[in-house]
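Visitor: I am new to this structure. Could you take me through it, one question at a time?

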Amino acid sequence: MITNQHFGEIPPSYLFSEVAERVRTFSAANPGAEVLRLGIGDVTRPLAPAVIEALHRAVDEQAVASSFQGYGPEAGYAFLREAIAAGEYAAIGVDVAADEIFVGDGSKQDSANVQELFADTARVAVTDPVYPVYVDSNAMAGRLGTFDGERWTKLSYLPCDDMNGYRPALPATPVELIYLCSPNNPTGTVMSRSDLEGWVSYARETGAVILYDVAYRAFITGDDVPRSIYEIPGANEVAIELGSFSKTAGFTGLRCSWAVVPHALQRDGVSLNAMWLRRQSTKFNGTPYIVQRAAEAVYSPEGRAQVQADIDYYLANARLIRETLERAGVAAVGGEHSPYVWFRCPGGMDSWEFFDVLLERAQLVGTPGVGFGPTGAGHFRLSAFNTAEATHEAAQRLARLLPELV
Ligand code: MLT
């Protein structure tokens, strides 16, 4: 054998590719249908004017020898690392140094790549349902045992549903790596400060490392919900945090992210910050200069205001989706500190059955919950990233269809 046999074990297609394929087939068979997409979390608002201006300026710099940029620093330009330290961390009273921040080209990549820092034998826990990248990337690395059609034999699943109020229990068996995401993809629920304190003390006691995904933190409103794991004392010795400009500032196409790997995070006498720097400088030549300048502009006074207006726009869509479901008698979570709304499929349908009904009878696309893990079975996710007009139309179609299904 010369190929990685672990690929043979994973489901043949990535969740969002499977959804896109089914929608393509439907649209080809129904060319007149106006399909509305509330599936993948891809933004529809254009980039903020402050970001566009920064991009133009940076492009012009590339035309002049004195300001032209070739290879950049592998961990990111100091101007952006400092802007993130100030804008994401100092702004909420959290001390993260610029050299603990690594600029990347997307949280999908960062969350898939970070497992390379850990042993093949490291045991992994994920909340269930979960963003599939955490699971598939560990499966490709051969860490998860075999897939029995529903579960990986060596993966610890921490179920989250309405039975436990979407609060994952601590792992029942020892693990070395724990993936947490708040606001959560796919459920849209958030970790409270006391829950997060529980996770940090668990990791401090056991030596486990938490990989904390805050890609959706810009959707948090108010001061009660933690925006960073480093708000919890001692978290800098146990956690890596992954942030993104994709959903915050519409960078799904532009691509920019950051990872915080604190200096205080050491295992086996080794600094994980030094390991990540070594990994990135070997396998990554940095996010493009023009993109890093665009990301920096998110923290200008104009950039902040413009980006916040887009977040508010999507949050209004999310509220409408959740209220529409609830008015039809479908209990839902998320949509408050999150662009995602999560619910049990009406009428006890399974996830793909409801996907087909929504597509065929209302020409709406959502994401089947079972694609996010076994506890997602019978659940469904709708996203608030379409335009306000499309979301209003989708809400009307849902309001017409749901009473026939519940
Ligand atoms: C999602 O819909 O869950 C996300 O857009 C996927 C991603 O960010 O890769």
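Visitor: In β6, which residue is the bridge partner of L177?

Guide: This is a predicted model, in which local features need pLDDT of at least 70, side-chain atom pairs count only at pLDDT 80 or more, and totals for chains, interfaces and linings use all residues. Residues are numbered from 1 along each chain as its sequence is written. Strands (E, at least two residues) and helices (H or I, at least four) are DSSP runs, numbered from the N terminus. The bridge partner of L177 in β6 is V209.

Visitor: How many bridges pair β5 with strand β6?

Guide: Two strands pair if DSSP finds at least two bridges between them. β5 and β6 (residues 209–213) run in the parallel sense. Together with helix α6 (residues 193–206) they make a right-handed β-α-β unit; right-handed says that, with the strands pointing away from the viewer, the path from the first strand over the helix to the second runs clockwise. The number of bridges between β5 and β6 is 5.

Visitor: Are the faces of β5 covered or uncovered, and which residues lie on each?

Guide: In a regular strand the side chains alternate between the two faces of the sheet. A residue is buried if 20 or more other C-beta atoms lie within 10 Å of its own, exposed if 12 or fewer, and partly exposed in between, with C-beta atoms placed from the backbone. In β5 (residues 177–181), 5 of 5 residues are buried. Both faces are covered: on one side L177, Y179 and C181, on the other I178 and L180.

Visitor: What covers the buried residues of helix α9?

Guide: Of the 9 residues of α9 (residues 289–297), 8 are buried, among them Y289 and R293. Contact here has C-beta atoms, placed from the backbone, within 7 Å. The cover includes α2 (49–61), α3 (78–89), β2 (101–104) and α10 (301–327).

Visitor: Which element gives the most to the side of domain 1 that touches domain 2?

Guide: The chain is divided into domain 1 (5–46 + 302–405) and domain 2 (51–300), with bounds from an automatic or database domain assignment. The contact takes 36 residues from domain 1 and 40 residues from domain 2. α10, β11 (332–334), β12 (340–344) and β15 (379–383) each supply at least two residues of the domain 1 side. The element that gives the most, with 7 residues, is α10.

Notes: Contact = placed C-beta atoms within 7 Å.
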